[in-house]
Amino acid sequence: MTVGVGRGTGPRALLKLLAACITAVTIGLFVLLALADRRIVEREAISDLTAVVQLLGEHTRAALRANSIQLNRVADLIGDRPLAALRGSVADWRRLRGMLDDQPDGDSFWIFDATGELVLSTEAPSGITRSARGRDLHAALRQRPGEVFVSPLIWGERRGGYFFASSRAVLDGNGAVRGLVQSWIDARHFAEFYRRIRPDSDAAFVIVKADGAVVVRWPLPADGVGGSRADVTFPAQSLRTASGHRAFVSPIDGVRRLYAYQRIDGTDLFAVAGLPTAEVFHDWAMRTRRNGVFAAGLLGTFLLMTGLALRSARNLESALADKDTLFQEIHHRVKNNLQIVSSLLTMQAVNSPDAATRAILDEALSRIHAMGLVHHTLYQQNEAAQVDMASYLHALVQRLELTYGGRGRGITTHLSADAVLLDLERAVPLALLVNEALTNVFKHAFPDGRPGRVDLRFWHQEGGCVLTIHDDGIGLPAVPRRGSLGLHLMRSLANQLQGRLAIEGHPEAGTIVRLDIPL
């Protein structure tokens with residue numbers, strides 16, 4: 001039996017709806033792709049920063065290891081002699097100066113007794129008064145004898161310039177602290193090495209203690225900032241794990257950067273490298289701007305074509321002789337534009353590295369194919385606005401079987417459909433509903449290579465039409481899948497058709513979807 005269904009608000013309204021949908025899909029796709037591209041850029045930047053952080057860590061560890069060897073040599077110079085024997089000793093001073101020549105980044109050596117009073121330094125054999133008493137450095141060495149303690153960045157008032165100190169305790173035979181030896185390291189040697197890593201960038205490189213105190217960094221602070229100790233600290237809460245990354249505004253210069261950090265093995269120090277987010281995403285922003293102009297041009301062309309089609313349809317509505325030709329042209333254009341969007345979605349789904357993004361794109365692609373198949377069917381049967389649902393359902397089933405490999409998985413589909421004609425306003429929602437239902441069957445009803453059977457029937461009965469889709473799969477889950485857009489969309493489409501939708505699932509009998517459509 002052939003049943004005609006009224007045209008409702010007409011093809012112009014449907015075309016406007018399609019134009020709105022395609023515009024929304026295009027804009028949404030552009031935003032989605034731009035965000036995916038941004039995530040890729042961010043991952044690449046983090047990978048580069050991680051490599052730089054490893055370089056900083058190896059450089060710092062090697063420098064501290066060499067300095068520790070020098071401190072051991074200074075301790076060996078003392079030997080078992082009382083520390084007081086070194087005071088004013090020109091011979092010991094010369095030997096100490098000779099050791100300094102073997103340390104290119106070292107500035108000076110200092111030896112203090114157990115009370116924190118200066119015994120000898122490379123500055124002069126005598127005549128210099130200096131005390132480590134009361135300093136946090138001296139206290140730390142007493143609490144952790146035998147370990148090397150690295151100080152925060154310090155402004156050298158005597159010489160000018162920035163330094164940090166590396167110190168270790170001198171112990172007697174019983175392990176008691178006799179004093180401490182200290183090496184001052186010129187921060188400029190480190191800063192110059194950091195500068196050469198990214199000479200044309202506003203990058204920041206930092207060696208920082210676990211409590212957030214900066215040991216050395218590039219760029220160095222302005223001369224004399226904060227008096228004797230440089231007032232530069234790093235947010236310790238950022239160093240939550242042994243390695244990681246995050247973006248925040250630098251407390252040093254107020255620039256927002258993307259940072260990567262990693263603990264330096266065997267120390268309580270972290271190597272940190274940061275690039276300004278404006279620099280990281282500069283090329284992405286330019287590329288997104290350029291792609292946006294291109295996409296806007298394509299979308300504007302499509303909307304212009306759609307506007308021209310609407311204007312032509314409005315002018316030719318009174319000409320019944322030209323009506324079929326006009327609608328055929330519209331279907332052909334819409335089909336081609338949907339094909340263009342489908343091709344873009346397909347290319348992006350293939351190239352997307354993110355599985356969640358590919359799944360979203362595949363679902364959008366399936367729905368656009370279902371809409372496009374309606375217009376392809378109309379174009380093939382040379383019909384203005386009424387779709388032969390039997391022909392359409394046959395083509396849709398073939399496409400979904402091919403897409404999800406139904407026959408290769410042992411899933412057989414049986415179709416029985418009356419030759420019912422529906423207008424576009426009902427054909428499109430019904431097509432989308434069938435597409436969602438069959439897609440759910442192929443994706444979820446037969447897991448783990450399970451074979452099965454799907455029966456799809458569409459027939460006319462008095463007062464309307466009935467659609468049933470019955471599979472002998474595993475049935476509906478006891479707890480519905482969270483965020484099931486497909487089921488929500490099916491109910492919305494059924495409401496649009498003013499129909500009654502029923503979905504029943506049984507573990508032994510599969511799932512039955514039934515839709516009653518009043519005509």
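I call a residue buried when its relative accessible area is under 20%, exposed when it is over 50%, and partly exposed in between (1.4 Å probe, protein chains only).

**Ground rules.** I am working with a predicted model, where local features need pLDDT of at least 70 and side-chain atom pairs count only at pLDDT 80 or more, while totals for chains, interfaces and linings use all residues. Residues are numbered from 1 along each chain as its sequence is written, and side-chain values use heavy atoms, with hydrogens and water left out.

**Cysteines.** I started with C465, which is buried at a relative accessible area of 1%. C21 is partly exposed, and its value is 32%. Next I looked for disulfides (a pair of cysteine sulfur atoms within 2.5 Å), and the structure holds zero of them.

**The whole chain.** I then asked for the secondary structure, taking helices (H or I, at least four residues) and strands (E, at least two) as DSSP runs numbered from the N terminus. The protein chain has 11 helices and 18 strands. Of its 519 residues, 45% are buried. For contacts (heavy atoms within 4.5 Å), I took those with a separation of 6 or more, and 64% of them join residues 24 or more positions apart. The accessible surface, by the Shrake-Rupley method with a 1.4 Å probe and, for residues, only the protein chains shown as cover, is about 25,500 Å². Carbon and sulfur atoms own 54% of that surface.

**Aromatic rings.** I paired rings of Phe, Tyr and Trp (its six-membered ring) if their centres lie within 6.5 Å, calling planes under 30 degrees apart stacked, over 60 edge-to-face and the rest tilted. My search of the whole structure gave 10 aromatic pairs. One of them is Y194 with F205, a tilted pair at 6.3 Å centre to centre and 55° between the planes. Y194 belongs to helix 4 (residues 187-197) and F205 to strand 7 (residues 204-209), so this pair ties together parts 11 residues apart in sequence. Both residues are buried. F281 and W284 make an edge-to-face pair, with 6.2 Å between centres and 75° between planes, and both are buried. I also found that Y194 and F205 share one aromatic cluster with F164, F190 and F193.

**Charges over rings.** Here I needed NZ of Lys or CZ of Arg within 6 Å of the ring centre and within 35 degrees of the ring normal. F281 came up again: the charged end of R38 sits over its ring, 3.8 Å from the centre. The charged end of R457 sits over the ring of W459, 4.2 Å from its centre.
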